[in-house]
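Visitor: I am new to this one. Could you show it to me and take some questions?

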Amino acid sequence: MIRLLAAGLAALALAGSAVAAAPPRQADLEAEIVCPTCKTTLDMSTSPIAARMKTFIRVRIAAGDSAEQIKAQLVDQFGPAVLAEPPKRGFDLLAWLLPLAALAVGIVVVGALAWTWSRRRDSGVEAREPDLDPDLERRVDEELARYED
Amino acid sequence: MTGRARTVGQIFAIGAVALLLVLLGWKLAHNSGGVADDLAKGKHPAAPAFELSRLDAADGKLSLADLKGKPVIVNFWASWCIPCKDEAPALQKTYEKYRAQGLTVIGIDAQDFRGDAKGFTKRFGVTYPIVYDGSGSTLGKWGVTGFPETFFVDRQGRLVGERIQGGIDTERNKAAYAEGVQAALGQAQ
């Protein structure tokens with residue numbers, strides 16, 4: 001049993017390292033890099049510089065570079081705006097955090113408004129139940145009794 | 001919702017809309033066509049400053065301020081641009097012809113691979129200074145909308161002549177280019 005478990009763990013470790021060492025895919029990188037002249041991702045662009053960048057990516061993948069290495073080389077040539085997604089560090093981290101913060105604030109605001117409105121509706125129902133005038137109540141009872149007879 | 005909360009909400013909403021309007025105004029004011037727009041209106045704005053690394057020396061930089069007092073032709077190009085290949089010999093010829101009069105040609109290679117640009121200058125025998133602007137950081141200030149584009153700067157650092165869009169050696173641009181060179185030299189007819 002222990003041998004079986006050890007063999008399973010070893011197989012998992014091998015599979016993990018194989019995934020980590022898998023070469024980057026051309027299509028993935030083309031979707032993550034922006035053409036500097038047309039401002040769309042490479043996979044959406046047919047401009048001459050986009051074609052040249054696609055060739056560059058193909059050559060670097062064949063040379064064994066990782067996705068991060070290829071992106072770093074493109075950033076070195078064209079600046080950080082060449083990345084479709086801003087890096088998750090430094091000032092650029094704000095681009096990731098601000099939408100989440102805005103979402104959290106939105107949830108809190110909507111929740112607070114919903115709570116306030118529900119409270120107002122509840123208090124409104126109570127307010128719409130005025131005490132019936134005793135004389136009117138007596139007359140209503142009499143009329144109802146007459147119809148029941 | 002209480003009256004006070006409603007008032008606060010309304011003030012917040014109006015403030016948010018006002019902020020968005022201010023941002024829109026700022027964006028419109030700063031998203032103009034650069035100095036090219038002023039030049040098209042007949043004005044002679046100061047040429048936007050730049051300091052960029054030289055293509056032929058990784059650590060060397062060149063700025064427009066370094067050429068103060070000299071007439072300059074500023075040419076925006078990229079190695080993947082076909083009209084840039086066509087006009088390169090004509091630019092080189094201008095540089096050689098007027099160099100003795102102090103005129104300099106600066107090529108700003110933008111949105112390009114540095115290695116490709118080096119190959120381009122070697123292939124076309126370019127000897128005038130080339131600076132590298134891979135990210136295209138200078139394009140907005142100058143109002144460049146495509147490659148190639150050429151501007152003329154006089155000895156006072158002002159833009160003169162016309163902005164040439166497309167190859168300088170085309171039939172459409174030949175006359176404007178010749179006039180621009182003379183205007184930069186201070187010999188406008």
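This is a predicted model: local features need pLDDT of at least 70, side-chain atom pairs count only at pLDDT 80 or more; totals for chains, interfaces and linings use all residues.

Visitor: How many helices and strands does chain B have?
Guide: Take the elements of chain B from the N terminus on. They run α-α-β-β-β-α-β-α-β-α-β-β-α. Sorted by kind, that comes to six helices and seven strands.

Visitor: Is chain B compact or spread out?
Guide: The globule rule gives 16 Å for 189 residues. The radius of gyration of chain B is 21 Å, well over that value. So, against a compact globule, chain B is more spread out.

Visitor: What box do the C-alpha atoms of chain B fill?
Guide: The box is taken along the principal axes. Its sides are roughly 80 × 40 × 30 Å.

Visitor: What share of the residues in chain B is buried?
Guide: A residue counts as buried if 20 or more other C-beta atoms lie within 10 Å of its own. Chain B has 189 residues, and the buried share is 35%.

Visitor: Which residues does the contact take from chain B, by kind?
Guide: The contact takes twelve residues from chain A and nine from chain B. On the side of chain B that touches chain A, they divide into four nonpolar, four polar and one charged.

Visitor: What distance separates the centres of the two domains of chain A?
Guide: Domain 1 of chain A covers 23–85, and domain 2 covers 94–148. Their centres are taken over C-alpha atoms. The separation is 57 Å.

Technical notes
Residues are numbered from 1 along each chain as its sequence is written. Chains are lettered from A and ligands numbered from 1 in the order in which they are written. Two residues are in contact if their C-beta atoms, placed from the backbone, lie within 7 Å. Ala, Val, Leu, Ile, Met, Phe, Trp, Tyr, Cys and Pro count as nonpolar, Asp, Glu, Lys and Arg as charged, and the others, Gly among them, as polar. Domain bounds come from an automatic or database domain assignment. Helices (H or I, at least four residues) and strands (E, at least two) are DSSP runs, numbered from the N terminus. The radius of gyration is taken over C-alpha atoms; the globule rule is 2.2 Å times the number of residues to the power 0.38. A residue is buried if 20 or more other C-beta atoms lie within 10 Å of its own, exposed if 12 or fewer, and partly exposed in between; C-beta atoms are placed from the backbone.
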